Amino acid sequence: MSDAASYLPQHPPVTDWVNDFDHTDPRWTEDPFPIWDELRTASPVVHTERFLGCYMPTTYEAVRAIANDTEHFSSRRVVVRDIRPEQLGKAPPITSDPPEHKPAKQLLLPPFTPDAMKKLAPRVRAICNELIDEFIADGKCDAASRYTKHIPVRAIAHMLGIPEKDGDRFIQWIHQILELGIKSQEVLVKAAEEMDTYFAGHIEHRKTHPSDDLISTLMNAKDKDGKPLDDAHVLGSLRLLLIAGIDTTWSAIGSALWHLARTPADRERLVKEPALMPLAVEELLRAYSPVTMAREVMKETTVSGCPVKPGNMVLLSFPAANRDPAMFSNADKVVLDRKENRHAAFGLGIHRCVGSNLARMEMTVALEEWLKRIPDFRLDPAGKVTWSEGTVRGPRHLPVLFGKSA
Amino acid sequence: MAKLKIRVDQDKCQGHARCKSLAPELFELDKYGNAHEIGDGTVPAGLEDKAWLAQTNCPEIAIEVTEE
């Protein structure tokens with residue numbers, strides 16, 4: 001399938017970040033950190049006329065305030081795009097506001113507890129090793145396209161009870177919805193329809209062939225009135241799990257490997273002190289948080305003293321919050337054993353990522369298995385690291401060489 | 001060292017589960033993954049550092065540590 005990016009509308013380059021920011025600008029994609037610092041120095045909340053009007057909170061405090069304020073800020077649109085179609089693609093609970101949010105979320109939470117993830121960990125460990133087997137003899141690989149890309153998609157397929165080999169199709173849909181969909185409704189709608197058709201088939205099949213996977217669990221779930229979920233709700237939740245569960249974790253693992261490839265001291269420390277992994281995973285999640293969410297302003301209010309008006313979207317950048325020096329000492333440094341780390345990589349408030357325990361487990365296992373078999377690796381000077389655009393940030397190409405440098 | 005007591009504010013906890021990961025002796029999770037202090041929240045001697053670690057890593061600032 002060809003990449004539609006080439007014919008999508010191009011935004012004019014940004015010359016004034018503070019008054020005209022654009023999270024799809026190539027410089028933001030390449031290296032957003034100095035841009036966030038500049039915005040944060042200017043104001044706790046900045047605004048752009050792009051995307052039909054959009055604010056961005058730049059401090060941890062302002063991000064938390066918005067995440068916790070469901071009265072003035074709605075989740076009905078969770079991606080900042082060029083257009084705001086009236087028809088809303090529902091994917092409960094991420095697109096739900098109170099009071100619908102809580103019952104929708106409670107349906108999804110039990111399959112994603114830390115204990116449930118422990119049971120899935122051996123399969124993920126095996127997936128990681130199957131992938132490493134494919135390229136370790138080459139002495140090098142593109143760690144993003146050969147390794148990190150495939151781990152979350154196979155893990156979620158395993159949970160849902162659908163073929164792991166369908167992963168490439170899922171990845172294509174997600175690219176079309178989350179990246180290309182920012183600028184093209186046509187690409188987004190087509191991908192969403194293909195995805196719905198795919199899942200509708202799996203739902204129908206289970207009506208006559210019940211199984212014990214996550215799709216069946218959702219089909220058997222009851223809503224707050226004790227009624228079974230309708231197919232549309234099941235479909236929306238499946239859409240969410242796939243969209244939210246794949247390129248997010250792909251990005252988190254990829255950014256962690258990118259950091260370790262270019263930071264020998266941290267890599268050697270993690271190899272020598274594997275017990276450090278839980279704290280290191282949290283710190284890498286803080287420093288390279290992949291996910292930026294959105295809200296829509298519903299009622300006029302102020303955030304950190306800045307007026308915020310309806311008709312605008314909000315780019316809710318948890319990654320920028322996690323780089324706020326007022327919240328984190330040495331915010332721009334990776335400190336593997338950081339002791340105080342209230343990072344917001346999985347969001348704050350009622351929309352805390354349902355899959356956070358899954359993501360942590362996958363990231364931990366993926367780094368552990370990689371470091372066991374490839375303790376020494378570095379960026380390939382002959383290759384180029386590229387990053388995804390928009391809502392989820394992580395390396396899409398990460399060429400690395402194995403072994404110590406000559 | 002003063003005796004510590006912990007409490008998870010159920011209105012604030014969103015189930016990040018950082019406390020359970022950092023101090024499994026002090027916190028347990030319900031079926032939704034939300035955290036509760038174990039027993040009456042009294043921190044056994046020797047686990048004080050873990051109580052503070054959990055408190056300072058909760059993204060929702062949902063954990064109270066009090067000295068008795």
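How many helices and strands does chain B have? There are two helices and four strands in chain B, counting DSSP runs numbered from the N terminus, with helices being H or I of at least four residues and strands being E of at least two. Read from the N terminus, the elements of chain B go β-α-β-β-α-β.

Some housekeeping before going on. This is a predicted model, where local features need pLDDT of at least 70 and side-chain atom pairs count only at pLDDT 80 or more, while totals for chains, interfaces and linings use all residues. Residues are numbered from 1 along each chain as its sequence is written, and chains are lettered from A and ligands numbered from 1 in the order in which they are written.

Back to chain B. Its C-alpha atoms fill a box of roughly 35 × 20 × 20 Å along the principal axes. The radius of gyration of chain B is 11 Å, which agrees with the value near 11 Å for a compact globule of 68 residues; that radius is taken over C-alpha atoms, and the globule rule is 2.2 Å times the number of residues to the power 0.38. Buried residues account for 41% of the 68 in chain B, where buried asks for 20 or more other C-beta atoms within 10 Å of the residue's own, with C-beta atoms placed from the backbone.

Now look at where the chains meet. The contact draws 16 residues from chain B and 20 residues from chain A, two residues being in contact if their C-beta atoms, placed from the backbone, lie within 7 Å. On the chain B side, helix 1 (18–22) and helix 2 (48–57) each supply at least two residues, and helix 2 of chain B gives the most, with three.

Over in chain A, five strands form an open sheet in the order 1-2-8-5-3, with mixed pairing; strands pair if DSSP finds at least two bridges between them. Strand 1 (45–48) and strand 3 (73–74) of chain A are at the edges with a single partner strand each, so one side of each has no neighbour in the sheet. Strand 2 (residues 54–57) and strand 8 (residues 313–317) of chain A run parallel, paired over two bridges, and Cys54(A) sits opposite Met313(A) of strand 8. Packed on this sheet is helix 4 (residues 60–67) of chain A, which touches strands including strand 2 and strand 8 of chain A.

Key
A residue is buried if 20 or more other C-beta atoms lie within 10 Å of its own, exposed if 12 or fewer, and partly exposed in between; C-beta atoms are placed from the backbone. Axes are lines fitted to C-alpha atoms, for helices over the stretch in contact, and angles run from 0 to 180 degrees between N-to-C directions.
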